[in-house]
Amino acid sequence: MALDDEIKRVREVLEQADSVVALTGAGVSAESGVPTFRGEEGLWKNFRAEELATPEAFERNPELVWEWYAWRRELIAKVECNPAHHALAAMERQQRNFTLVTQNVDGLHRRAGSTRVLEIHGNIWMVRCTRCGKVTENLEVPLPLPPLCKDCGALLRPHIVWFGEMLPRDILEEAIGRLQHCKVMLAIGTSSVVQPAASFVLHAKQSGAFTVEINLATTPNSQFADAMLIGKAAEILPRLT
Ligand code: OAD
């Protein structure tokens, strides 16, 4: 089906839906200038996210891991939200029952005005003490390295879910609950290879939702999508609101 017709069809489905879940990934922030994780532009000093975003990497070389996060914080602080973020914030205002589940840690959805956001991978502007566990907001840019806990003096870590770590149980349960009861699920700008989010489309479909994928390319989840909108999130999403 031509993209215009497919967009029209999804718009109609959205207008009828009384509950919507949108799952976002790095592709949503790509047009703001935040690099995605996979593919050529996803590399940082020849490291892959999988080599830096692990508890083992942090134990081995906290300076290196913090350097990567400090670099990303500086980059994110400079960028602007794009029309994809704004369209999702508008959808929340239009739909009575709208939930945004994001894998992104950049905080750009909230900056664009979304309020019902489940950040399943954490937030790059939050830090956690490796000793006392206290979680605090930290907006310092540039961040003096290594960052230390103001209470106990121990090393802080990013409040981000790393590979091999559990997702926060309450947030995950809420996301799954929303998925099970939504009428429409949008999966936007995610490569659909990192679990558990990679299973969310199938999960929603099995619960009876109409599933929509918005991406530059197909993903392992495209086979479960009732509608596939190939293109830039910042161009397609504003046409759905
Ligand atoms: P990836 O980098 O794996 O995938 C980005 C996806 O966005 C790809 O499928 C691209 O085709 C698509 N894409 C790129 N630009 C786009 C655009 N302008 N419009 C629409 N789609 C676009 O990012 P994620 O799937 O989010 O974990 O990665 C999942 C997790 O892996 C991340 O949350 C991160 C990473 O390790 C943590 O930070 C814990």
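Predicted model: local features only at pLDDT ≥ 70, side-chain atom pairs only at ≥ 80, totals over all residues.
Which residues in α1 are buried?

**View 1. Helix α1 and its length.**

View 2. The residues of α1 that are buried are Glu6, Ile7, Val10 and Leu14. Since these residues cover an arc of only 100° around the axis, they lie on the same side of α1. On the other side of the helix, by contrast, Lys8, Glu15 and Gln16 are exposed.

**View 3. The surroundings of the buried residues of α1.** The elements against which these buried residues pack include the strands β1 (20-24), β7 (184-188), β8 (210-215) and β9 (227-230). They also pack against the helices α6 (83-94) and α10 (233-236).

**View 4. An open sheet of three strands.** The strands follow the order β5-β4-β6, and their pairing is antiparallel. Strands β5 (135-137) and β6 (156-160) form the edges, as each of them pairs on one side only. If direction is ignored, neighbouring strands of this sheet are turned against each other by 45° on average.

**View 5. Strands β4 and β6 with helix α5.** Strand β4 (residues 122-129) runs antiparallel to β6 and is joined to it by four bridges. Cysteine 129 stands opposite leucine 156, which belongs to β6. Helix α5 (residues 62-78) packs on the sheet, where it touches β4 and β6, and the direction of α5 makes about 140° with that of β4.

Terms used:
Residues numbered from 1 in each chain as written. Heavy atoms only, no water. Buried < 20%, exposed > 50% of the residue type's maximum accessible area, 1.4 Å probe, protein only. Helix = DSSP H or I, 4+ residues; strand = E, 2+ residues; numbered from the N terminus. Arc of directions from axis to C-beta. Contact = heavy atoms within 4.5 Å. Pairing = 2+ DSSP bridges. Axes fitted to C-alpha atoms, helices over the stretch in contact; angles between N-to-C directions.
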